[in-house]
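User: I have a model open and want to go through it. Can you take me through the metal site and then the helix packing?

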Amino acid sequence: MPSFRSAARAGIVAVLVLGLVPAAAHASSSSAKTAALQVALKALHYYSGTIDGIRGPETIRGTKRFQHAHHLTADGIAGSQTRKALGVRGRPSLGSRSVRVGERGWDVAAIQFLLKKHGFSPGTIDGGFGPNTDAAARRFQGVHGLTVDGIVGPATLGALQHGSSGGGGGSSGGGGPISFYRPVNAPITSPFGMRWGRMHTGVDFGAPYGTRIGAAGRGTVVFAGWNSGGYGYLVIIQHRLDYQTWYAHMSRIATSVGRSVVGGTTIGYVGATGHATGPHLHFEVRHHGVPIDPVPYLLPTTAPRRLAPTLADEPDGCAPLSGPESDPRTARLVSCK
Ligand SMILES: [Zn+2]
């Protein structure tokens, strides 16, 4: 029995590596150029999706519609003719100049996307270099040991395109340092950002009550319990490079503090606890404690279900929930199956 368990563990360790996907995989799934294209198309009402840098069906459709309306070959690719037709929103190319507060254009949109991808939110990605973008650029420069002047020239752009983020941990391309699996297989029904005059610090997945929630990547559970501030039943996972993912409003928690997880490990089930009008998963990504838009970090799919066998590694009985706002009676109810 013990030998079986350790063999099973060794198998699990082999799979753990897949829990977080290297930056290269992420880089191929989203790009600053596509983000800049989305910003331009959005401003001209040819695109209404999120600025996620992913060349998905909606982006291709919008590009083709724009091309058709401008008597261009509708190939869905933002080539030089299409960029020209986009006017001031289609230029200048990224890296062709240094940009600072007051500037706008294609390159500014791309820079905003890269800042956000590195965890330094520039506010709305709209191609306009405003005070929020300036603040994000300065924070990025400070963290990377660059001259803190808010001017995105060759050095800062180089770090944005090739450097690692947040210190430590290599990044092998233009992508962010980390990618996350989708915690549930459901559409995003509410985006990150300002909503009804208040900041929405995560995204909402519109999944039915009881839907299984999988960990977004490899990490350790640092909170699993009741949050009285509106999150309801909440699980927080600590990942490398000081990233955290938060999973709120759960109907039931299926993990406990200290537990190691990989992408896809079951951590709970969708509910409507806390401040929620109906069942959904409120999902946050926090970097250095600051909530950032999860979308640029999200892979298109949930983790393979086969990673779930880590549940077999759970000890018998209930582990205590912890956290400053946990109610012991309620906590025990949700941690016992
Ligand atoms: Zn929410």
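Analyst: One term to begin with: buried means under 20% relative accessible area, exposed over 50%, and partly exposed in between, with a 1.4 Å probe and protein chains only. This is a predicted model, where local features need pLDDT of at least 70, side-chain atom pairs count only at pLDDT 80 or more, and totals for chains, interfaces and linings use all residues. Residues are numbered from 1 along each chain as its sequence is written, and side-chain values use heavy atoms, with hydrogens and water left out.

User: Which residues coordinate the zinc ion?

Analyst: His-200 (NE2), Asp-204 (OD) and His-282 (ND1), at 2.0 to 2.3 Å. Donors are N, O and S atoms within 2.8 Å of the metal (3.2 Å for Na, K and Ca); water is not among the atoms, so sites may look incomplete.

User: How are the donor residues spaced in sequence?

Analyst: The spacing is H-x3-D-x77-H. Asp-204 in strand E5 (residues 203–205) and His-282 in strand E13 (residues 281–287) are 78 residues apart, so the pair links distant parts of the chain. Strands (E, at least two residues) and helices (H or I, at least four) are DSSP runs, numbered from the N terminus.

User: Is His-282 buried or exposed?

Analyst: His-282 is buried, because its relative accessible area is 7%. Asp-204 also counts as buried, at 7% relative accessibility.

User: Switching to helices. Which residues of H3 meet H4?

Analyst: Thr-34, Leu-37, Gln-38 and Leu-41 in H3 meet Thr-59, Gly-62, Thr-63 and Phe-66 in H4, where contact means heavy atoms within 4.5 Å.
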